[in-house]
Amino acid sequence: GRAIAGVNGDYYLRDNSFFAGDPRGLQIINGDLISGPDTDCVWFDTNGNPHLDEVKGDFNVTWPEDRKTPFRLNERRGTNMAVLYTPTYGASTRVTGGRELILEKDGDGPWLPLQASQTYHARVREIRSDGNTLLAADTMVLSLAPELLADLPEVTPGIRLEISTATTPALTGVKMAIGGGPALIKDGKLFSLRTRPPGTSG
């Protein structure tokens, strides 16, 4: 159909102009997982039914020897963080320092666009230490803060990694989702009195 109105439904970063507009919470557009969950969410299942509930993310990268590191998705990288960047984020990671792994598809499994509740197999194509890595259409970039490096295994080009975008509840095949909150009413009853995250707008 043709849209005749729009409503802003999520929170987004506003205090840093360089990252202004970055959604705070789950966002899926046309199946493309853009931002991970951390607030109440509205999403539509594969049958078109709407849902309002809390969604939890369990995003992890699995290194050789089955070591795991949690990561955030498409956001400003803070201290002691790993952030996975996809081409949806923009032209480059806008990160300084640390280490950035350029990841390419490994095998015949799924790849981009990134989707929720999936497992991806990746190979390290290149390792960069000068930051602000360009985001190509066929690659993802895993950016690692300096504080993480001492606790991670040695990484060289060619190493295979596993990327998980698991969520609870599972959002397999979901094409549209948006974070917001706090949810006020669900099934005709008061749902939540939680307040919005600091430094956000909605």
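Leaving out residues up to four places away in sequence, leucine 142 touches Val61, Trp63, Phe71, Ala82, Val83, Leu84, Arg99, Glu100, Leu101 and Leu103, where contact means heavy atoms within 4.5 Å. The model in which these contacts are found is a predicted one, in which local features need pLDDT of at least 70 and side-chain atom pairs count only at pLDDT 80 or more, while totals for chains, interfaces and linings use all residues. Residues are numbered from 1 along each chain as its sequence is written, and side-chain values use heavy atoms, with hydrogens and water left out.

Leucine 142 is also a member of the largest nonpolar core, which holds 33 residues, and together with Trp63, Leu84, Leu101 and Leu103 it touches the most other members. A nonpolar core is here a set of buried Ala, Val, Leu, Ile, Met, Phe, Trp, Tyr and Cys residues joined through side-chain atoms within 4.5 Å; buried means under 20% relative accessible area, exposed means over 50%, and partly exposed lies in between, with a 1.4 Å probe and protein chains only. Two or more residues of this core come from each of strand 5 (40–44), strand 7 (56–62), strand 10 (82–85), strand 11, strand 12, strand 13 and strand 14 (160–168). Helices (H or I, at least four residues) and strands (E, at least two) are DSSP runs, numbered from the N terminus.

How are the strands arranged in the open sheet of 8 strands? Their order is 8-7-14-12-11-13-10-9, with mixed pairing, and two strands are said to pair if DSSP finds at least two bridges between them. Strand 8 (68–70) and strand 9 (72–73) stand at the edges with a single partner strand each, so one side of each has no neighbour in the sheet.

Within this order, strand 11 (residues 99–105) pairs with strand 13 (residues 140–144) in the antiparallel sense over 5 bridges. Along this pairing, leucine 101 stands opposite leucine 142, and arginine 99 has leucine 144 of strand 13 as its bridge partner. Strand 11 is also joined to strand 12 (residues 119–128) by 6 bridges, and these two strands run antiparallel; here glutamate 104 stands opposite arginine 123.

One of the contacts of leucine 142 is Phe71, and phenylalanine 71 is found in the loop between strand 8 and strand 9. Phenylalanine 71 counts as buried, at 5% relative accessibility, and it touches Phe59, Asn60, Val61, Ala82, Leu84, Leu142, Ile163 and Ser164 when residues up to four places away in sequence are not counted. Although phenylalanine 71 and valine 61 are 10 residues apart along the chain, their C-alpha atoms are separated by 7.1 Å.

Serine 164, which lies in strand 14, counts as buried at 17% relative accessibility. Leaving aside neighbours within four places in sequence, serine 164 is in contact with Asp58, Phe59, Asn60, Phe71 and Gln118, and a polar atom of its side chain lies 3.4 Å from the backbone nitrogen of alanine 166.

Side chains of opposite charge can pair when their charged atoms come close. A salt bridge is counted here when a side-chain nitrogen of Lys or Arg is within 4 Å of a carboxyl oxygen of Asp or Glu, and by this rule the count comes to 7. In one of them, aspartate 38 pairs with arginine 72, the closest N and O atoms being 3.8 Å apart; aspartate 38 lies in the loop between strand 4 (32–35) and strand 5 and arginine 72 lies in strand 9, so the pair ties together parts that are 34 residues apart in sequence. Aspartate 38 is partly exposed, with a relative accessible area of 41%, and arginine 72 is partly exposed as well, with 37%. Arginine 72 also meets glutamate 75 in a salt bridge (3.1 Å, N to O), and glutamate 75 counts as buried at 15% relative accessibility.

Salt bridges that share partners join Asp38, Arg72 and Glu75 into one network.

Key:
A polar contact is a pair of N or O atoms within 3.5 Å; within protein, one must be able to donate a hydrogen and the other to accept it, and residues adjacent in sequence count only if both atoms are side-chain atoms.
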